[in-house]
Amino acid sequence: MLNLLLLLDIVPGPANAATPVPETPQGPWMGFAYFGFCAVLAVVGAIATVASPNPIRGAMGLLLMIISIAGLFLALHAQFIAAIQVIVYAGAIVVLFLFVIMLLGSDAQTPSDQRGRIPRFGAAALFAGLGLAALTLLGRTMAKPKLPGDVGSDFGSIDSIGKVLFTDMLVPFEISSALLIVAVVGAIAVARGKHGELAEKGALNK
Amino acid sequence: MDSLLSVFPSKDFSLLGIILAAPLLGAFVNGVWGRRLGRDAVRLMAITAIAVSFGAALLTFLALDREVTHAGHGHVKLAWTAWDWLYTTGKSETQIPIALRFSVDALSGVMMLVITGVGLLIHIYASTYMWDDKSYWRFFCYLNLFVFSMLVLVLGDNMPLLFVGWEGVGLCSYLLIGFWYGKMANAAAGKKAFIANRIGDFGLICAMFLFVHYTGALDWNGIEAGSGSLVTVNEATQVHVWPIGGGQFTGFLKFLQPDSPITITAATAVGLALLLGATGKSAQIPLYVWLPDAMAGPTPVSALIHAATMVTAGIYLICRLNFVFVLAPGVMATVAVIGAATAFLAATIALVQNDIKKVLAYSTVSQLGFMFLGVGMGAFTAGFFHVFTHAFFKACLFLGAGSVIHGMHARIHDDDKAQDMRKMGGLRKYMPLTFWTFLISTAAIVGFPLTSGFFSKDEILFKTMTTELVHPDAERLGKKVTFVQSLWGARDPSHFYVPPAWLGTALYWVGIAAATMTAFYMSRVVILTFFGEFRGWKLGRPSQIDAHEAAAHDDAHGDDAHGDDDGEHHHEEDLTKPGYAPHESPRPMTIPLILLAVFAAFAGILNPGLLKHFGLPLPLEHWLEPLFEESVKVGVHAKEGAEHMELMCTAGAFGAFAVGVGLAYWVYVVQKGAPAKQWAEAAPKLYKLLLDKWRVDEAYEASVLSGVDALADTATSVDKGVVDGILARLTALLVAAFGTILRALQTGVVHVYAGMMVVGLAGLGWFFVMPHPDGHVVEKGSGDYSIVAAPGVGYGYIWAEDGAKKPEKEVFSGTAAFPLHVEPGNTKKVELKVRNAFGIVGTKTFEVTAPAKAAPAEVIEMGQNGHGS
Amino acid sequence: MIPVEYYVGLSAILFLIGGIGFLVRRNVLVALMSIEVMLNATNLALVAFNRQHAQVHTGQVLSFFVIAVAAAEAAVGLAIVLSFFRLKRTVRSDEADLLRN
């Protein structure tokens, strides 16, 4: 497996390798195939997420997209982010979504009707137009694609990201931990409802 | 002392910081935590703060004395710069520093000692006097803050810092006059004092502006150094009075334009502005009206602020800036005349008042008038000496009056009645300490020979009689004119005004008259209060039933809690029932009285003007000489044969004392007050007029206040009609209508909000998709121009000059700037094509016209369009 | 090697899908998931650009923070969904219109 990834220019060579891995003739093709595979899966996952009427399927589509993007991260020499992506997104966030969907049961799926169709689809059409404009711009520059240069052997590793996180980015890092704490406390406070409500229910149970 | 100076060098004498910080700390602690601390802690804090300040002030004074001795004879200053405060820009862009800098010299040293010393005694007195007040902590917070502000005023080394202290004492005065704000009258009195002082402050601020402009400095040394430029013969550099500021009246107002503008020297303008400030703070005509009303505050406040310290700030200011005042003899004469007139007017009012504190208040106004008379006639030392002695005897008199009121409060709870001298009498027997200290202070104020007041008042009157004011720059300036001429005749700026020689003599006799009246009314106060029979209530053992009530009141009596409006209504006692006689005040109140009386009796030894012939030294005169020497030398001349007039003047002053006291004795003791009644009945209108204080308040009410009221009414109606009625309602209506429309958009549905966000986003996207051909023309001179196109993401440009061949293939490779040469008078057209990253092209045509003469190029934008590529 | 533009294009497509999903769907759960899709698209762009400028790790670190914020957002968002469901017995976003007018 590692060998394959090496061929795909996904993982840098062994730490003691003095020179970058030579590009094999079939390398670009392998790389494009890998990218295309992941990209198609990601788009399919995304469409499944937003389009499926059943939220469970949506969550599964989200999972598919997340894992495909993690694969793309690997191709981009971002091993640490790829790992985080799988652990946090696939492992925590999607599971959280699933929990909530299970909790709501059949109520999680909402019946569709035509109310508010004009603003919804109008806005979506405008947004799609904007996206098309952006893609057009991208397409006009695609003629001269920029090939990324070589990277150092430790680019994107846990080591180097960790160094940045705990030196230059220490303050944002600490603030993000505070943010998570606040989010957890806030989530609990919002989800459990008012004290009176609980006490009332308790009284009713008795 | 040398060791002290080694710790605190004279250039960085930070001990001043301790003098200032201690009362400020006291005010802070008492103000913030006082309510919780309890009375004992508040008292300890307040008195300790002032005691520390007094101790540091004593050390400072000793150090100053040592420095003076070291330096020989000269103006010595101990200074401390706390920090650089701010800078202001003077004439021709000079930076004038205003440092937070404090200094102490001979003058401020004496003031500092008086403030902290008398302040300490009055704090001790008040700690008992105010004991039962529920706002004890608030009182001492204000009182400490007052001492701090007064010290800032005195120790400040520049005008703005003095102004800070000046405003600080004004604030504290306002807060303390209205201390029992529950009573409407007290609150009104506080407001009156505050507003009268604000009018004076206007003068002080104007003086600061003039100092910045003319002397280019605001600190004392700088003002003194630059004071030469305050007097000029050049009309352009003088202060234009009419037209104000040297303007020109044109058009139909032309008739207002005089042939030559009326100008006064800057020294006169500054002097008048400072005088306005001084009359406000020191309660002189025309702004004296607030001081009698200020007696609504607690008695210790009257003693400290409205007798001993704050009201002398005006005299301090004039003494401090004596070198400015002597440059304008006309202003000096005005000071003296105002002082004499105030002394006389206030004395006439004091003759007939029945409220003991009111008499003392008018007496204070009158004595302040004496001080103004002294400094106005160039007798700075004498005037300041009167400040010094007056601080002791008037503080003692007020505290004595407080003690009497304290005693009367045993059974009379109404404020006005407890202070009414007609209810007193015979208190000598019941309050012996109060009586003796009061008597000694009265002796001082009426000029009983060899008491402090005798020496100081005698010195003022003697100097008034024997000096004349001259212009220091007489030789340089040219011709002198009389007063009338100076107003209407010669407007030649090189002419100057000098007061006539008879001014001093005339003012002397006014002063003698005021002194006679002073002797009379002060003797009247003593006789009515302490002699004869007690008239307050029936004396004797209270009956069994009343004893209970009396005991109940014994707890509350002396609380001075009259204005303490806690909803409790003081029911009046039946004064015909017998009750215990008033009794002497407790020791913390009598000890300050005794100390002040001692000073009132013996402080004259510091400057016994008359006794110098017997070989006694004049320490105060010698001490203050370096400050006033120069000014007195140039601005004041002794008349011919002045030495010989000394005995005559003293005889006059003594005569005033003898006549006044003798008359009072005859009227109120021998004849039992009968002549007073006869006189009042003989001239009822005059009596009523005096009793109503010359109806000055009513006159102000009718003239100034009604004018202001009318203005306020007009403004109110405009505000209600135009601003509220039209403007406010119209805008409100507009907003409401707009809101009604917008409310429809607020559906509460998240999707609609998100859709609106997308609409905004689309607008932004449109902006980026469309090219923006735009630019501006930069003139390079001599017919060269450059058109600079606005930048944008991925923009490419093509420039085409009018008439130039269009290239076969459009290549958007041009630079953002296009150089252009246009001959004068010609016009050239340039077309700009812009292509953005989306490949959309926009066009714009510039037309550049070079003017025949040197004028900015005219650019006409011909039109603009965009088309897809 | 694959040009960065490919990744950016994919990112734009994913963002577009997520955005349209957010605008069209009225199920709050799906709307939240659409937001996650959009955040992922952003992360992809960030990491791809970081590959272009490989001297520093700014893009990767920023995407790390985006993931942290996304986790917080999901936690609070789902709590709000639960609370909302308790109130209205539904997860349709157009039922939440207490702030109307």
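Modeller: The model is a predicted one. In the contact between chain A and chain C, 77 residues of chain A meet 64 residues of chain C. On the chain A side, the elements that give two or more residues are helix 2 (27-51), helix 3 (55-75), helix 4 (79-104), helix 5 (117-141), helix 6 (158-166) and helix 7 (170-192) of chain A. Helix 4 of chain A gives the most, with 12 residues. By class, this side of chain A divides into 57 nonpolar, 15 polar and five charged residues.

Chain C also touches chain B: 11 residues of chain C are in contact with 10 residues of chain B. Here the chain C side consists of five nonpolar, two polar and four charged residues.

Leaving aside residues up to four places away in sequence, V270(B) touches A207(B), L210(B), F211(B), L230(B) and V324(B).

Helix 30 (residues 696-745) of chain B is hardly covered, for the count of buried residues among its 50 residues is zero. A kink of about 40 degrees, centred on L705(B), is found in helix 30 of chain B.

Further along chain B there is a set of antiparallel strands. Strand 9 (residues 775-781) of chain B is joined to strand 10 of chain B by six bridges, and E779(B) has Y785(B) as its bridge partner in strand 10. These two strands form a hairpin with two residues between them, and S782(B) in the turn has a positive phi of about 50 degrees. Strand 10 of chain B also pairs with strand 12 (residues 817-821) of chain B, over five bridges in the antiparallel sense; in that pairing D784(B) stands opposite H821(B). The two faces of strand 10 (residues 784-789) of chain B contrast: Y785(B), I787(B) and A789(B) form the covered face, while D784(B), S786(B) and V788(B) form the uncovered one.

Key: Residues are numbered from 1 along each chain as its sequence is written. Chains are lettered from A and ligands numbered from 1 in the order in which they are written. This is a predicted model: local features need pLDDT of at least 70, side-chain atom pairs count only at pLDDT 80 or more; totals for chains, interfaces and linings use all residues. The bend at a residue is the angle between axes fitted to the seven residues ending there and the seven starting there. Helices (H or I, at least four residues) and strands (E, at least two) are DSSP runs, numbered from the N terminus. A residue is buried if 20 or more other C-beta atoms lie within 10 Å of its own, exposed if 12 or fewer, and partly exposed in between; C-beta atoms are placed from the backbone. Two residues are in contact if their C-beta atoms, placed from the backbone, lie within 7 Å. Ala, Val, Leu, Ile, Met, Phe, Trp, Tyr, Cys and Pro count as nonpolar, Asp, Glu, Lys and Arg as charged, and the others, Gly among them, as polar. Two strands pair if DSSP finds at least two bridges between them.
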